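Let's take a walk through a protein model, one stop at a time. Have a look at it first, and then we'll go through some of its details together.

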There are 2 protein chains.
Amino acid sequence: MNLLAVRDFIRKHGLLEEGDTVLAGVSGGPDSLALLFILRALAKEMRLRLRIAHLDHGLRPESAAEARYVAALADKLKIPAVISRAELGKTAKKGSLEEACRNARLDFLLRAAKDAQADKIALGHNLDDQAETVLMRILRGTGLYGLAGILPKRVIYGHTIIRPLLGLRRREIEAYLKRKKVIPLRDASNAEDVFLRNRMRRKLLPFLEKEYNRNIKQALANLAEGAAYDYEFLGRCARRAMGKKGSRIALARLKKAHPAIRRIIFRQAIAAAQGDTRRITFQHIREIEDLLWNRPVGSVVNLPRGLTVTKKILTMNFSAPS
Amino acid sequence: MNLLAVRDFIRKHGLLEEGDTVLAGVSGGPDSLALLFILRALAKEMRLRLRIAHLDHGLRPESAAEARYVAALADKLKIPAVISRAELGKTAKKGSLEEACRNARLDFLLRAAKDAQADKIALGHNLDDQAETVLMRILRGTGLYGLAGILPKRVIYGHTIIRPLLGLRRREIEAYLKRKKVIPLRDASNAEDVFLRNRMRRKLLPFLEKEYNRNIKQALANLAEGAAYDYEFLGRCARRAMGKKGSRIALARLKKAHPAIRRIIFRQAIAAAQGDTRRITFQHIREIEDLLWNRPVGSVVNLPRGLTVTKKILTMNFSAPS
């Protein structure tokens, strides 16, 4: 039954094609093990070739043993595996450890996918992760962009990342593993937002389920699904309206754009200048709006990470520190 | 200072034009009294002509006295007023009382606006109302449509409804009245969603403010503002993609539409058949999607309030019971 739901989800979101080589990121926790066994069950009918990737962050004492566990499992299942070790604990500063972990993991996956000539990178996020992510963002403040939450399919630097389990509840995944008699490693703590995420998971979501809506997780996941479609469409419109020069945009174009599209053009210009839009809030976008409409030529808005937006005579220029 | 913020809000959202005749809905509670006094303060510079409308629902023993209070105030301020009395308590069934109230109030305002040849109908909703509305909808399950919350400006049956105070916090409104030495009637309980709204207001929002984000109300209001712009733009695209026949749509058009647009086309077709999209959930939209892609010609989806969607050979037909 889980298999059927996952197959539907894969088809609906166009996650896999016949003959794909799929690199699964396997931490050894419940989600990634379920992902691996489910992909394995689908491999024959979809003619998938599976690969396993595991990064040992080297941050916890048990991480070497976990890497050995994944290596042994790959061996037993006869699936080729890439296991690598990062030395983050020694190099990264404490404050930026989360970000360093995330980057190291992504770098590793992209490199491994390239080496394995993988068509897709598969990750194990589930519906509960999605609900937690969306709720965290709502509480902190977000827009359509943030509501889209975790995307079922996303292209990063030419690599396609897919999340086939995003429609499954965590408890369904645990039940599946139990049926399959697979004992996962304890869930390796996701370094990202770990404190806030745990409060969502252990306190706020159970409270909201009990007091307000038994199906709130599904409701948040639905919201994310709709927002992802909406944002994708608006993003296309914005790219069309923006023209080519990603980080220098004609004032005339900006002024005639619909406000919804203008805000996304700003985000795209920031991403063009700086790679992504992390730490950009609604308030920053508002300030750029104000620069456009109300401030004299020559004015500058300073954004996080050293990014500046300058109003010129004919254009608005977004530039990152070199 | 409040006056300045309201003036900015009015300009930003294009709520009022010079010379407008404005009909203010005045219940006598803090929001509508503040609205009245703020509009009065702006009346001279914007050359506004003010009118007051008050509907006595006749549901509470004190409602007749409240109507007299508003009439006396209008007299004192020398603003023409329309005061009317509905007999809802006697006619409406208990379950539909909320809806009957809402409809009676809207009917009354539209009629009064027509009689007064008013350009705008002004209502007193504030930022706290907005935050409560958005949070309620998130908890119950919503999409972009619901996230847009209370709109600063909305056209209903050719009448423009504006909410100039939507950017002000409830406590700012109370402080304004105190400064002006205006003593409002106790807040007449908003019949709509009164139970759930009170739990948002008294329990959940204060808890979230304390534990998660001191500025959560502003964050929810920002989310609503962004969602309103996004939905407005998507709605335009959907109307363009849909063509003329509002409640009968070519399958070919639907199939080639972007999923974000398709969902809004469905909503617009439901509104064309039935006047609005109340009680339509994400799950219903999903079912119509399934009808489009997976079910044979002749299949029917049954929606709330007797609405049916039928898959024909070339079209999808939305029809309300006659």
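Before the first stop, one term: a helix here is a DSSP run (H or I) of at least four residues, and helices are numbered from the N terminus. Keep in mind, too, that this is a predicted model.

With that in hand, find B:Gln268, which sits in helix α12 of chain B, residues 259–274. Is B:Gln268 buried or exposed? Its relative accessible area is 15%, and buried means under 20%, so B:Gln268 counts as buried. What does B:Gln268 touch, once we leave aside its neighbours within four places in sequence? The answer is B:Gly235, B:Ala238, B:Arg239 and B:Met242.

Next, move to helix α6 of chain B, residues 127–140, where you'll find B:Met136. Now compare sequence and space: B:Met136 and B:Leu196 are 60 residues apart along the sequence, yet their C-alpha atoms are 7.5 Å apart in space.

Now for a pair of helices. Two packed helices are described by the angle between their axes and the distance between the axes. In chain B, take α2 (residues 30–46) and α3 (residues 63–77): their axes come within 13 Å and cross at roughly 10 degrees. Angles under 35 degrees count as roughly parallel, so that is how α2(B) and α3(B) run relative to each other. On the α2(B) side, the contact is made by B:Leu33, B:Leu36, B:Phe37 and B:Arg40, while α3(B) brings in B:Tyr69, B:Leu73 and B:Leu77. Sort these contact residues by type and you get 6 nonpolar, no polar and 1 charged.

Time to zoom out to both chains. How many degrees of rotation does it take to superpose chain B on chain A? It takes 180 degrees, with 0.0 Å of shift along the axis, and the RMSD is 0.1 Å. That's the relation of a two-fold axis. Both copies use the same surface, too: 100% of the contact residues of chain B recur in chain A.

Last stop: the cysteines. A disulfide is a covalent bond between the sulfur atoms of two cysteines. This structure has 0 of them over all chains. Look at A:Cys237: the nearest cysteine sulfur is that of B:Cys237, 5.0 Å away. A disulfide needs the sulfur atoms within 2.5 Å, so A:Cys237 is in no disulfide. A:Cys237 is also buried, at 10% relative accessibility, and B:Cys237 counts as buried at 10% too.

Definitions and conventions. Residues are numbered from 1 along each chain as its sequence is written. Chains are lettered from A and ligands numbered from 1 in the order in which they are written. This is a predicted model: local features need pLDDT of at least 70, side-chain atom pairs count only at pLDDT 80 or more; totals for chains, interfaces and linings use all residues. Side-chain values use heavy atoms; hydrogens and water are left out. Buried means under 20% relative accessible area, exposed over 50%, partly exposed in between (1.4 Å probe, protein chains only). Axes are lines fitted to C-alpha atoms, for helices over the stretch in contact, and angles run from 0 to 180 degrees between N-to-C directions. Helices (H or I, at least four residues) and strands (E, at least two) are DSSP runs, numbered from the N terminus. Angles under 35 degrees count as roughly parallel, over 145 as roughly antiparallel, 65 to 115 as roughly perpendicular and the rest as oblique. Contact means heavy atoms within 4.5 Å. Ala, Val, Leu, Ile, Met, Phe, Trp, Tyr, Cys and Pro count as nonpolar, Asp, Glu, Lys and Arg as charged, and the others, Gly among them, as polar. Copies are superposed by least squares on the C-alpha atoms of residues with pLDDT of at least 70 in both.
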